[in-house]
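Biologist: Please put the structure up. I would like to ask how the labels used for it are reached.

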Amino acid sequence: MATCHCLLLPAPFKPTIIPPKPTSKITCSSITTQSQSAKQNLLTLISDQHRGLKTQNDPIKRSSIIQAIDAMADLGKDTVTTDDSLSATWRLLWTTEKEQLFIIEKAPLFGTQAGDVLQVIDVEKRTLNNVITFPPDGVFFVRSSIEVSSSQRVNFRFTSAVLRGKNWEIPLPPFGQGWFESLYIDEEIRVVKDIRGDYLVVDKAPYAWKE
């Protein structure tokens, strides 16, 4: 009987391809959405607080606003906020600074109303003016020199102060120094904490204040 000798070849090897596990992506759009949401939350919380006057007697509201500020600080962490983006006329939206709030609140006792409260910063010229306006002609402003000390901190030293009316001006002596940190900054707003633990939320004024 004839026999057949067959060569048995091994089956071709087929590697098993394991698809990669999906990973979460942090995209620019997701960061922007998160930033806009946190910013809108903060602006909504401070919108009815009369620049902080109402918050002084409302610790629950104050706590909510500071939590919203902390959220903005998280978004601004590891960013540089002391470059040219800091140079602008910034207008007060809300603060915990008692001196500013006192002047805003008591201005009617002197027959006037506080107008815009401003921080006018020029990083290149190393200047800062803190300004409280009393329309139509009054203004109180404090001149300062500044020095950038880190990616978010600026040191300042008051150099002079002026109380000015329509046809008169009273020079006042300088009175202090300290630092502030811009925790978050974008094209519209800036969130600040200072050496005393006070907070400031400002937006870019639609004009440039000049002496």
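Modeller: Accessible areas here come from the Shrake-Rupley method with a 1.4 Å probe. On that basis the chain has an accessible surface of about 13,600 Å², and carbon and sulfur atoms hold 57% of it. This is a predicted model, and the values are computed from it.

Biologist: What does the secondary structure of the chain come to?

Modeller: Three helices and nine strands. In sequence order the pattern is α-α-β-α-β-β-β-β-β-β-β-β. Of the 211 residues, 40% are buried. Among contacts with a separation of 6 or more, 53% are between residues 24 or more positions apart.

Biologist: Why is the pair of phenylalanine 156 and phenylalanine 158 called tilted?

Modeller: Rings pair if their centres lie within 6.5 Å, and planes under 30 degrees apart count as stacked, over 60 as edge-to-face and the rest as tilted. The structure holds three aromatic pairs. In the pair of phenylalanine 156 and phenylalanine 158 the centres are 5.3 Å apart and the planes stand at 50 degrees, so the pair is tilted. Both phenylalanine 156 and phenylalanine 158 are buried. Together with Phe180, Phe156 and Phe158 form one aromatic cluster.

Biologist: How do you know that the charged end of arginine 153 sits over the ring of tryptophan 179?

Modeller: The test asks for CZ of Arg within 6 Å of the ring centre and within 35 degrees of the ring normal. The charged end of arginine 153 is 3.6 Å from the centre of the tryptophan 179 ring and is listed as sitting over it.

Biologist: What makes the side chains of lysine 39 and aspartate 186 a salt bridge?

Modeller: The cut-off is a side-chain nitrogen of Lys or Arg within 4 Å of a carboxyl oxygen of Asp or Glu. For lysine 39 and aspartate 186 the N to O distance is 2.9 Å, and the pair is a salt bridge. This pair links distant parts of the chain, with lysine 39 in helix H1 and aspartate 186 in the loop between strand S7 (177–185) and strand S8 (189–194), 147 residues apart.

Biologist: Are lysine 39 and aspartate 186 buried or exposed?

Modeller: Buried means under 20% relative accessible area. Lysine 39 has 3%, so lysine 39 is buried. Aspartate 186 has 18%, so aspartate 186 counts as buried too.

Biologist: What makes arginine 91 and aspartate 203 a salt bridge, and which parts does the pair tie together?

Modeller: Their side chains meet at 3.1 Å, N to O, against the limit of 4 Å. Arginine 91 lies in strand S1 (residues 88–95) and aspartate 203 in strand S9, so the pair ties together parts 112 residues apart in sequence. Arginine 91, at 23% relative accessibility, counts as partly exposed, whereas aspartate 203, at 15%, is buried.

Biologist: Why is the pair of glutamate 187 and lysine 204 called a salt bridge?

Modeller: The N to O distance is 3.8 Å, and the limit is 4 Å. Glutamate 187 lies in the loop between S7 and S8 and lysine 204 in strand S9, so the pair ties together parts that are 17 residues apart in sequence. Glutamate 187 has 65% relative accessibility and counts as exposed, while lysine 204, with 29%, is partly exposed. The structure holds nine salt bridges.

Biologist: What makes histidine 50 exposed, and what is its phi value?

Modeller: Exposed means over 50%. Histidine 50 has a relative accessible area of 53%, so histidine 50 is exposed. Its phi is near 50 degrees, a positive value in a residue other than glycine. Histidine 50 is placed in the loop between helix H1 (28–46) and helix H2 (59–76). Arginine 51, found in the loop between H1 and H2, also has a positive phi, near 65 degrees.

Biologist: Which peptide bond joins proline 135 and proline 136?

Modeller: A cis peptide bond, with omega at about 10 degrees. Proline 136 is in the loop between strand S3 (127–134) and strand S4 (138–148).

How values were computed: Residues are numbered from 1 along each chain as its sequence is written. This is a predicted model: local features need pLDDT of at least 70, side-chain atom pairs count only at pLDDT 80 or more; totals for chains, interfaces and linings use all residues. Side-chain values use heavy atoms; hydrogens and water are left out. Rings of Phe, Tyr and Trp (its six-membered ring) pair if their centres lie within 6.5 Å; planes under 30 degrees apart count as stacked, over 60 as edge-to-face and the rest as tilted. Buried means under 20% relative accessible area, exposed over 50%, partly exposed in between (1.4 Å probe, protein chains only). Helices (H or I, at least four residues) and strands (E, at least two) are DSSP runs, numbered from the N terminus. Contact means heavy atoms within 4.5 Å.
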